[in-house]
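Open the model in your viewer and keep the sequence beside it.

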Amino acid sequence: MTIWQKLRNVLLAVSMIFIGAAMLVFGEKAYMAIIGIFSLTLEIMGLRMLWFYFRMARHMVGGRNILFRGLLFFDFGLFTGSLVWVPRLYVLMYFAGTMAFSGVVDLMWAKEARKIQSSWRFKTFQGVVKMLFAISCLLFMRSGTRVVDICAVGFIFSAVMSIVNTFRRQQVIMID
């Protein structure tokens, strides 16, 4: 990872920490901000993947995978943005579901890393904590303030894990 990429990751993570702290301070009033941030993030990820596809990935093996993922992320971003007028209970279930899905994906990556004898403990920890956040969101679903607090703490946790992952030594696997 280059210095510019590390700096970009750290700046993004610090801004995520500030947003999470603001969500903790404003409580249930931050509900619309959570939807907006989540929607905007998914749309930007989708647009970046689509940009990468049209600039380079269409010439790569597996480039269509990037195209489909970009379309999917952009579509989920638009869908999330349209949830503003849906009852909060369904939106909170959607957020808990996406957090649980992210945790399952992290656990699957950890399982694959363990198979090839790579470092897997960090991803396992991250996946288990995301699953716990999702379960706690489902348990406290009736209290909007509690769920916003749980989402804020999960947001801050993701930012801290991003900073830790930025400065962690990455293993390089070479095939002879």
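**Before you start.** The model is predicted: local features need pLDDT of at least 70, side-chain atom pairs count only at pLDDT 80 or more, and totals for chains, interfaces and linings use all residues. Residues are numbered from 1 along each chain as its sequence is written, and side-chain values use heavy atoms, with hydrogens and water left out.

**Stop 1: helix α1.** Select residues 3-26, which form helix α1. Helices here are DSSP runs of H or I with at least four residues, numbered from the N terminus. α1 has 24 residues and spans 35 Å from first C-alpha to last, close to the expected 34 Å. The expected span is 1.5 Å times one less than the number of residues.

Now colour Ala13, Met16, Gly20 and Met23. These residues of α1 are buried. Buried means under 20% relative accessible area, exposed means over 50%, and partly exposed is in between (1.4 Å probe, protein chains only). Next, click Val14, also in α1. Val14 is partly exposed, with a relative accessible area of 32%. Then step to Gly27, which follows α1 and has a positive phi, near 65 degrees.

**Stop 2: α2 against α3.** Select residues 63-81 for helix α3 and residues 31-55 for α2. At what angle do α2 and α3 pack? The angle is about 155 degrees, with the axes 7 Å apart. Axes are lines fitted to C-alpha atoms, for helices over the stretch in contact, and angles run from 0 to 180 degrees between N-to-C directions. The two helices are therefore roughly antiparallel. Angles under 35 degrees count as roughly parallel, over 145 as roughly antiparallel, 65 to 115 as roughly perpendicular and the rest as oblique.

Zoom in on Ser39, in α2. Is Ser39 buried or exposed? Ser39 counts as buried because its relative accessibility is 7%. Leaving aside neighbours within four places in sequence, Ser39 is in contact (heavy atoms within 4.5 Å) with Gly77, Thr80 and Gly81.

**Stop 3: α2 against α4.** Show the side chains at the contact. From α2, select Tyr31, Ile34, Ile35, Phe38 and Leu42. From α4, select Arg88, Val91, Leu92, Tyr94, Phe95 and Thr98.
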